[in-house]
Amino acid sequence: MKERIASQNRIFKYVLLIFAIVIVIADACLILMHNKTFSETENRMLAQAPKLSVDNLMSGKFMTQCDSFVADQFPLRDNWIQLKLGADRMLGRQTSNGVYLGKNGYLIEDAAAPLEPSFSKNLAAISLFANTYPDLNMVMAVVPNAISVCDQLMPANAPVRNQSEALALMQKIADISLNFVNVTDALKAHKEEYIYYKSDHHWTSLGARYAFEAMTDALAIDPAERIKNYTIITVADDFTGTMASNSGDFSVKDTIDIYLPIVKDFQYVVEYVDQQKKSATIYNSSALEQKNKYEVFLGGNHPQINIKTTNLNDRNLLIFKDSYANTFLQFLLPYYQSITIIDPRYYSDDCEKLIREGEITDVLFLYNMNTYVEDNSLAAVLLDE
């Protein structure tokens, strides 16, 4: 008996020793390799080593920043995420790192809770903005996420926050001063189709098309001028998006399609104000060589983009948007003389000047629900704070 206990103690000591060695090696790697600034897998900036100061220590920020730094820079972090996914699946869990493991390979983003006071402040700012410019055709659409539209893909009995309640509240408030379009029904009518990516939180070009068709009346697009034919080109069939990165599941590959409206003699020029460059297309083919292939649309997000077209109909559109609008833009292009695109998360200039100098006639607010309910930048831009 004593010999068996002694043997077990030796084994336990060896295990502890091995564990200690692994921790030391991991710490050494962390110290030597902590200069990784961007995660290609997760498509985001990584936390860097915090600066030690009295203020940081006293406020508790130093320890919080240390936690983020260690979590982001831990050696073989991507491998650990995939190991965790395997363990989650073996245990029959419905989520992995906050991502629902849906049916048919879908990885579905959870619904975010409205962040107060930003949620209400943004609505109030939009109403005030609309009342300030009553002569403009002002439209708003907040797109529900896949979790609210494609319920047939969710794990059985999964708890889901109801986005329809927030949408109904937004419509009730916004309809007083502008035209709010709820595209939920239009999307649900096609929920069995490929309207959201499987591995990413964005909608597909097809989803954007269905929403656009539901919005044409509000956008005052003449039925006789509506384009029915597009050249559809698949530009990627190996896209893995943010939900794959967050969950660690890279087994599903998405396709990305672009829609080219068939319009005779139509051309346009795109100006990326922040980069001081111009292009003859809204599509960025170089993005197809990187992980985040969704950036094929506009090359990602920019503070301001100006587009001039050959459609001289004196209709000039101003868009306040998030990244869902990047896909949507391809359907708007033929109907306006100019389109000015503002992403309030990165924009800080004067909106009144934009409207005056751009001779704006139409305004569109276009967000997805999860971005909108957590946004804290839109009100500041609209109110020039």
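# Pocket, sheet and cores

Student: Which residues lie nearest the centre of the largest pocket, and how many line it?

Tutor: The model is a predicted one. In it, 24 residues line the largest pocket, and those nearest its centre are His201, His202, Ser323, Arg345 and Thr371. The space in this pocket comes to about 590 Å³. Helix 13, residues 369-374, gives the most to the lining, with three residues.

Student: How do the residues of the lining of the largest pocket divide into nonpolar, polar and charged?

Tutor: There are 13 polar, seven charged and four nonpolar residues.

Student: What makes the other space a cavity, and how many of 30 Å³ or more does a search of the whole structure find?

Tutor: A space is called a cavity because a 1.4 Å probe fits there but cannot get out, whereas a pocket is open. The search of the whole structure finds one cavity of 30 Å³ or more. The largest cavity holds about 70 Å³ of space.

Student: Which residues line the largest cavity, and how do they divide?

Tutor: Its lining includes Tyr106, Asn145, Tyr196, Asp200, His201 and Tyr324. Eight lining residues are nonpolar, two are polar and two are charged.

Student: Why is strand 15 called largely enclosed by the rest of the structure?

Tutor: A residue counts as buried when its relative accessible area is under 20%. Seven of the seven residues of strand 15 (residues 362-368) are buried, so the strand is largely enclosed by the rest of the structure. Asp362, Leu364, Leu366 and Asn368 point one way, while Val363, Phe365 and Tyr367 point the other way.

Student: What makes strand 15 a partner of strand 6 and of strand 13?

Tutor: Two strands pair if there are at least two bridges between them. Strand 6 (residues 137-143) has seven bridges to strand 15, in the parallel sense. Strand 13 (residues 316-321) is joined to strand 15 by five bridges, also parallel, so both pairs meet the cut-off of at least two. Valine 143 stands opposite asparagine 368, and leucine 317 stands opposite aspartate 362.

Student: What is the order of the strands in the open sheet, and which are the edge strands?

Tutor: The eight strands run 7-6-15-13-14-12-10-11, with mixed pairing. Strand 7 (179-180) and strand 11 (277-279) are the edge strands, as each pairs on one side only. Strands 10 and 12 pair in the antiparallel sense over five bridges; there, valine 269 has lysine 308 as its bridge partner.

Student: Which residues touch the most other members of the largest nonpolar core?

Tutor: Tyr196, Ile307, Phe328, Leu332, Ile339 and Leu364 do, in a core of 65 residues. Another core, of 36 residues, lies apart from it and has Val142, Phe320, Met369 and Leu382 among its members.

Student: How many residues of helix 9 are buried, and what do they pack against?

Tutor: Nine of the eleven residues of helix 9 (residues 205-215) are buried, and the helix is mostly covered. The buried ones include Leu206, Tyr210, Phe212 and Met215. They pack against several elements, including strand 6, helix 11 (324-332) and strand 15.

Definitions and conventions: Residues numbered from 1 in each chain as written. Predicted model: local features only at pLDDT ≥ 70, side-chain atom pairs only at ≥ 80, totals over all residues. Heavy atoms only, no water. 1 Å grid on protein atoms, 1.4 Å probe; cavity = no way out; pocket = protein on both sides within 12 Å on 5 of 7 lines; lining within 4 Å. Points joined across faces, edges and corners; volume = space filled by probe spheres on them. Helix = DSSP H or I, 4+ residues; strand = E, 2+ residues; numbered from the N terminus. Nonpolar A, V, L, I, M, F, W, Y, C, P; charged D, E, K, R; others polar. Buried < 20%, exposed > 50% of the residue type's maximum accessible area, 1.4 Å probe, protein only. Core = buried A, V, L, I, M, F, W, Y, C linked by side-chain atoms within 4.5 Å. Contact = heavy atoms within 4.5 Å.
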